[in-house]
Amino acid sequence: MHEESHPAGVHPEPSGFIAKYIFSTDHKVIAKQFLWAGLIFLAVGGSLAMMIRWQWAFPGRPVPLFGMFLARSGGVITPATYQSIFTMHGLIMIFFAITPVMIGCFGNFTIPLLIGAQDMAFPKLNMLSFWTFVISLVLIVASFFVQLGTAGAGWTTYAPLSTGIGTPGAGQTLVVAAIFVTGAATIMGGINYVTTVIRLRAPGMTYMRMPLTVWGLWLTAILNVLFVPVLGAAALLLILDRSFGTQFFIAGAAGVKGGGDPILFQHLFWIFGHPEVYILILPAWGFISDIIPFFARKPAYWYRGSVFAMVLVTILSAVVYGHHMFLTGMNPLLGKGFMTLTLIISVPAEILFLNWLHTLWKGSNRFPSPMLFALGTVFVFGLGGLTGLYLGTIATDLYLHDTMWVVGHFHLTMAAAAFLGSFSAIYFWFPKMFGRQMNEGLAKLHFWTSVVFITLVFCGQLVAGYAGQQRRLFIPYQYTFLQHLLPLNRWTSYFAFALGISQFVFVYNFFRGVFAGEKAEQNPWQVGTLEWTLCSSPPPHYNYATAPVVVRGPHEFANPEVKKVLGRDWIGQAEELPKFSAAAVKSAARGAKD
Amino acid sequence: MKGIAGMGGSPRWTGCAIGFLLSTAAGAAVQPESGLGLPRDVSQNGHLVDWLMNITSVFNLILFTIMCVWMAWACLKHNRQHPAEYDHGNSKHSVTIALAISAFIFAVVDGNLFVNSINDLDREYWNFEKVAANPRTVRLEINAHQWAWDARYAGPDGKFNTEDDIVTWNEIKIPVGVPIYVELTSTDVIHSFYLPNFRTKMDAVPGQVNRFWFQAKEGGDFDIGCAQHCGTHHYKMKALLSVVSPEEFSTWQANASATAKRAFDPEDKVAHWGWDWKEF
């Protein structure tokens, strides 16, 4: 980065440590803050997953390493600890690991850079969003240290189990409060992203020239702004039920004959909860929809189709949530309606898949780590999507509902695909973010171990579910019909441990990259989006001294005219074809625009 | 009931083998399953679910194989040495192909699921008219609570919550070949009544009465499970479903009802948790 005077109309970069690194309003710094917080909590959530897997493989045996946190039971997981472990695994992974990494970090980092903006629309709100998020982290951590332990009602927090009847103690209340607070942080971030994309696109950056990453994150932000408030309402009502004696969700309980409705909570939860599933996958779809053409060295196949598919998914995601509730005694007509809508959502997903596959076809594919992770995402999301068909259909859901099949299915989509998609983004933007490089050999090792073991773990869960094993059983083998599944579950656990251990490759590579990696070039991947073509690595405080003028779409590869004039297979989004006939420029621009 | 095999790393195969011998010898214990497939189907209509799952698996296997071969082929053949084609895939021809493939997959895979699921629900799983009209149907009220299943049979008067009701705890006896029409609720948190060998389950929700039905096609003992996380001992909320011949069931029912009548205590309000059979 060179010391030049900052452009007019832009605040100078703060020089004090606190303003620069702690209470920063710079979207790139906030992105890194979210990244660190998210990765730390990814490790926490992952450790909890390892404990669940230990319990299913070796019930009753003291847990190695993590046993020290269970001193009172001699290192053994008890039923009460177990329910806290799986509850917090789910909540931490969703709200405090995937959300901050994908949306907090990459939403912040990529949106302004990729659309040619100098920062977010509301930089102070952005800062507030992160520090509100930190408050929710404090609440989560505190919940582990109160009497009766942290939350135990499952990540879905179904009432009345999540009310005082089922889960007394301050831990559950703190966790519900944390969900409310993190929801507030998400809404602040969402408003910012939505506004930034609408208002701060560089001249010429039309909607149909935006990288698909921005499309994915923007639609995610819209879903967040619309549906997280519903979750907030549910959390608030639940806190009232827990601490202030109301009975919104309590009914018929022997002790308290409440007049509320437990199913109301599920409606509120899933009106948010199903869009949330797409909130966690849309960014990943965006990342890989850009990264696949980048490394296929070929324009993204039917760009408008991908945009259309993502928009359709965003709309449909709001009207399919009832498939989580087929067995709650829902009106049959309503059930069939939700089933129909759920099946329809497979159409846009098919279009996306076809576009990815067509982009690879007749490409000049190369396989650096971001591409490998993108292809891995397609692979696991394929498995996850196909296994969802059985759950969206009522007849088959009668059997598979609340079994490990569900667990395997949603882990393949929102865990495996989100996980691999996030790593695709981390490896891809790391040089731009930190100005340094990670070791490519280690990155590939991380990919192969991750993709193999993550597939085995979640397919193991699918097999257990097909055999009928319910979710969330402390000791599944209490049931005679599940006794023969111990070897299967044990093998799945071995694969999970291998997956966990292989993440240390990433941890080492990441730290080495941040502090001692080789200096990164400005455009190591040779792609044409604004952040790589016009910004140094890392970008200066203000990103762009002057607003770039965008003339084409983000995936202009293998254009014969460009090859002839520039001698390379790519051209920048804001790069005019020099000294050549206007017709050629026009044809290239038209190609990108369509 | 036999002990838990495989707990705490005990030699599980021995446990299973002993369990199997015991159950075949006594003929009155749940038999373990084997292999990684579906549990035995002993229901009159579970094969519909099994068929729908299996046909979908066949479709899925085809789709997933095509996807993997496509990806592998493109990665291996259209690699760095292969010149990339300059194609935005937005010609009318390309778009038509993409839409046609999507529509075809949707029509075949989702269409099959949709049509069969609707048929299965209308004709079987949600066809309560058929069950209600059958004079042999056995009606049951189930009350779930942490962490057990209470079941109530109407007794000879055919009315629920009267003095001749049979009430059982964690053990449900039913006759083979007869529809069992269940209404269920919960007194504390949400539970889910799960019959793996019958391919069905239904949530028990406090404050509301839900219904489902099932029918056994063969006798034996089977696990009843809870499928909805309901607190620390969710995993222990297991009950026994005992499918017996109609004759054995009648004899048991007559005896149990007579006993219940003798033991009836009008003051014990808590024991009268039943409700008038709800018409939906």
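1. Chain B first. In this predicted model, the secondary structure of chain B comprises five helices and 10 strands. Of its 280 residues, 40% are buried. Contacts between residues 24 or more positions apart make up 66% of those with a separation of 6 or more.

2. Shape of chain B. The radius of gyration is 25 Å, whereas a compact globule of 280 residues would come near 19 Å. Chain B, composition. In this predicted model, chain B has five helices and 10 strands. Buried residues are 40% of its 280 residues. Among contacts in chain B with a separation of 6 or more, 66% join residues 24 or more positions apart.

1. Chain B, shape. The radius of gyration of chain B is 25 Å, while a compact globule of 280 residues would be near 19 Å. The chain is divided into domain 1 (46-81 + 89-125) and domain 2 (136-271). The C-alpha centres of these two domains of chain B are 41 Å apart.

2. Chain A, composition and shape. Chain A has 18 helices and zero strands. Its radius of gyration is 24 Å, close to the 25 Å from the globule rule for 594 residues, so chain A is as compact as a globular protein of that length. The C-alpha atoms of chain A fill a box of roughly 80 × 50 × 45 Å along the principal axes. Buried residues make up 64% of the 594 residues. Of the contacts in chain A with a separation of 6 or more, 80% are between residues 24 or more positions apart.

3. The A–B contact. Chain A gives 92 residues and chain B gives 90. On the chain B side, helices H1 (12-26), H2 (46-77) and H3 (92-125) each supply at least two residues, as do strands S6 (191-195), S7 (200-204) and S9 (220-226). H3(B) has the largest share of that side, with 17 residues. By class, the side of chain B that touches chain A holds 45 nonpolar, 31 polar and 14 charged residues.

4. Domains of chain A. The assignment gives domain 1 (23-320) and domain 2 (367-520). Their C-alpha centres are 18 Å apart. The contact between them takes 30 residues from domain 1 of chain A and 29 residues from domain 2 of chain A. On the domain 1 side, helix H2 (27-57), helix H3 (79-115) and H7 of chain A each give two or more residues. The largest share of that side, 10 residues, comes from H3(A). By class, the domain 1 side has 24 nonpolar, four polar and two charged residues.

5. Helix H7 of chain A. H7(A) covers residues 262-296, which is 35 residues. At 1.5 Å a residue, H7(A) should span 51 Å, and its end C-alpha atoms are 50 Å apart, so the two values agree. H7(A) is mostly covered, with 33 of its 35 residues buried. Just after the helix, A:Arg297 takes a positive phi of about 55°.

6. A:Phe109. This residue sits in helix H3 of chain A. A:Phe109 is buried because 24 other C-beta atoms lie within 10 Å, and the cut-off is 20 or more. Leaving out residues up to four places away in sequence, A:Phe109 touches A:His27, A:Lys28, A:Ala31, A:Trp429 and A:Met433. A:Met330 is 221 residues from A:Phe109 along the chain, and their C-alpha atoms are separated by 43 Å.

7. Backbone points to check. Most residues other than glycine have a negative phi, and most peptide bonds are trans. The next cases depart from that.

8. Positive phi. Phi of A:Thr157 is near 55°. A:Thr157 lies in the loop between helix H4 (123-143) and helix H5 (170-199) of chain A. A:Thr157 counts as buried, because it has 25 C-beta neighbours inside 10 Å. In chain B, B:Arg199 has a positive phi of about 60° and is not a glycine. B:Arg199 is in the loop between S6 and S7 of chain B. B:Arg199 also counts as buried, because it has 26 C-beta neighbours inside 10 Å.

9. Cis peptide bonds. A cis bond joins A:Ser537 and A:Pro538, with omega about -10°. A:Pro538 is in the loop between helix H16 (530-534) and helix H17 (560-566) of chain A. In chain B, the bond from B:Gln146 to B:Trp147 is cis, with omega near -5°. B:Trp147 is in the loop between strand S1 (138-145) and strand S2 (148-153) of chain B.

Conventions. Residues numbered from 1 in each chain as written. Chains lettered and ligands numbered in written order. Predicted model: local features only at pLDDT ≥ 70, side-chain atom pairs only at ≥ 80, totals over all residues. Helix = DSSP H or I, 4+ residues; strand = E, 2+ residues; numbered from the N terminus. Expected span 1.5 Å × (residues − 1). Buried ≥ 20, exposed ≤ 12 C-beta atoms within 10 Å, placed from the backbone. Rg over C-alpha atoms; globule rule 2.2 N^0.38 Å. Contact = placed C-beta atoms within 7 Å. Nonpolar A, V, L, I, M, F, W, Y, C, P; charged D, E, K, R; others polar. Domains from an automatic or database assignment.
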